[in-house]
Amino acid sequence: MNGPQDLGGQMGFGPVAPEKDEPYFHAAWERRALGVTLTAGAMGAWNIDESRHARESLHPADYYASSYYQIWIKALEILLKRHGFVTQRDLAAGEAIDPAAAPKRVLKAENVPGVLAKGGPCDRPVATAARFKAGDPVRTKNFNPTGHTRLPRYARGKRGVIEAVRDGFVFPDSNAHGHGENPQWVYTVVFEGSEIWGEGADPALSVSIDAWESYLEPA
Amino acid sequence: MSHDHDHDNELDPFAARVRALETILTQKGLIDPAAIDVIVDTYETKIGPRNGARVVAKAWSDPAYADWLKRDATAAIESLSYSGRQGEHMQAVFNTEDTHNLVVCTLCSCYPWSVLGLPPVWYKAPPYRSRAVIDPRGVLEEFGLTLPADKKIRVWDSTAELRYLVVPMRPEGTEGWSEERLAELVSRDAMIGTGLARQPA
């Protein structure tokens, strides 16, 4: 979706302002926000693509006014309600009022190290051979889906070159909506800065994205 | 920890909101608050940019390891036991005399947690995410890094599940240094591409 998350090339946000010796957390609640988000995700009711889509579906004014941990928590409340774990009455009361759906699993403290070490690999076998090979010229599709996609707007309808064939990966555009993993080949596609930004582009700039096969056409 | 909570709860409505959510989920038996403590401790004290710095230092010291890192970063990093969440599929990109590499996630906050830990706020915020792909030179200036105009810049937008680690160039004057000593020169920003390796003092 052409949502607030799709930031590449947007203007007006000001300087980056890196913070010297930045701490990992800027308030105690951010520690709990990280942990609540990860432990709730560990119930297994939604996948990473659905959670990303919940975040980018926040109203743009809300998204831009929120820190990233605030975005996580606001999206987490939506996911918990959608999957029947929490109700608006619970949230309004600040305590459990309504019964909850049964989780697939609950992450216990003793299992955290193993779960974090294992992660959540997203590579999957793909039944068909890769359509492109390194060096192939390609053009990204021009589309504007209302659902989740990982092809940023700035890289749509652009000519680039396949730099590397990566692996088969879960397709976020379907997985985010509960329509299955439908794995596809993923490629690193590199574009000249001038192809993306046109007039005035930095002549020494190139930008790459990692693109699922269905985002690409031969050029 | 509980004192911090009470303190924040009185002052900050968002702290109260997070605490309410944790309370509800705990009361319903959906989460284990002790698991949150372990997660926080892991990312505050165990997993951070020192991991990535060790990878870079080894690559500087050991050409065979550097070659492996180039070909199969996931396996090469796993051999140092730095694999895991948000580092399942790694790619290492090497700075050269010609090309400087810079990593961004324009669409969210994808970042190689297993080697760099949790991302800094600026990495997740709109100024960096919007400008890294269109004005990387201007962004680097804000980090105090001015590159020659003819130095090529390659920006890697982390749009899929590959996570990128920049291997900065090894500073001159470090011949014969141990990996431990070399690792001290490798900052987090150097491994994102918003900095270079520190010069030896």
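In which sense do strand 1 and strand 2 of chain A pair, and over how many bridges? Select residues 137–140 and 159–169 of chain A: the two strands run antiparallel, joined by three bridges. Strands here are DSSP runs of E, at least two residues; helices are runs of H or I, at least four residues; both are numbered from the N terminus. Strands count as paired if DSSP finds at least two bridges between them.

This is a predicted model, in which local features need pLDDT of at least 70, side-chain atom pairs count only at pLDDT 80 or more, and totals for chains, interfaces and linings use all residues. Residues are numbered from 1 along each chain as its sequence is written, while chains are lettered from A and ligands numbered from 1 in the order in which they are written.

**Stop 1: the strands of chain A**

Pick A:Arg139. Its bridge partner in strand 2 is A:Arg159. Select A:Ile162 and find A:Val189 opposite, in strand 3.

**Stop 2: across to chain B**

Show strand 4 of chain A with residues 152–157 of chain B, which form strand 3 of that chain. These two strands pair in the parallel sense over four bridges. A:Leu205 has B:Ile153 as its bridge partner.

Next, colour the whole contact between the chains (C-beta atoms, placed from the backbone, within 7 Å). Chain A puts in 72 residues and chain B 71 residues. On the chain A side, helix 1 (28–41) gives the most, with eleven residues. That side has 43 nonpolar, 13 polar and 16 charged residues. Nonpolar means Ala, Val, Leu, Ile, Met, Phe, Trp, Tyr, Cys and Pro; charged means Asp, Glu, Lys and Arg; the others, Gly among them, are polar.

**Stop 3: A:Ala211**

Centre on A:Ala211. Beyond its neighbours within four places in sequence, A:Ala211 contacts A:Thr140, A:Leu151, A:Val186, A:Tyr187, A:Val189 and A:Leu216.

**Stop 4: two positive phi values**

Most residues other than glycine have a negative phi. Go to A:Asn182, in the loop between helix 7 (172–175) and strand 3 of chain A. Its phi is positive, about 30°. A:Asn182 counts as partly exposed because it has 15 C-beta neighbours inside 10 Å. The cut-offs are 20 or more other C-beta atoms within 10 Å for buried, 12 or fewer for exposed, and partly exposed in between, with C-beta atoms placed from the backbone.

Finish at B:Ser81, between helix 6 (73–78) and strand 1 (90–94) of chain B. Phi is near 65° there. B:Ser81 has 10 C-beta neighbours inside 10 Å, so it counts as exposed.

Methods. Contact = placed C-beta atoms within 7 Å.
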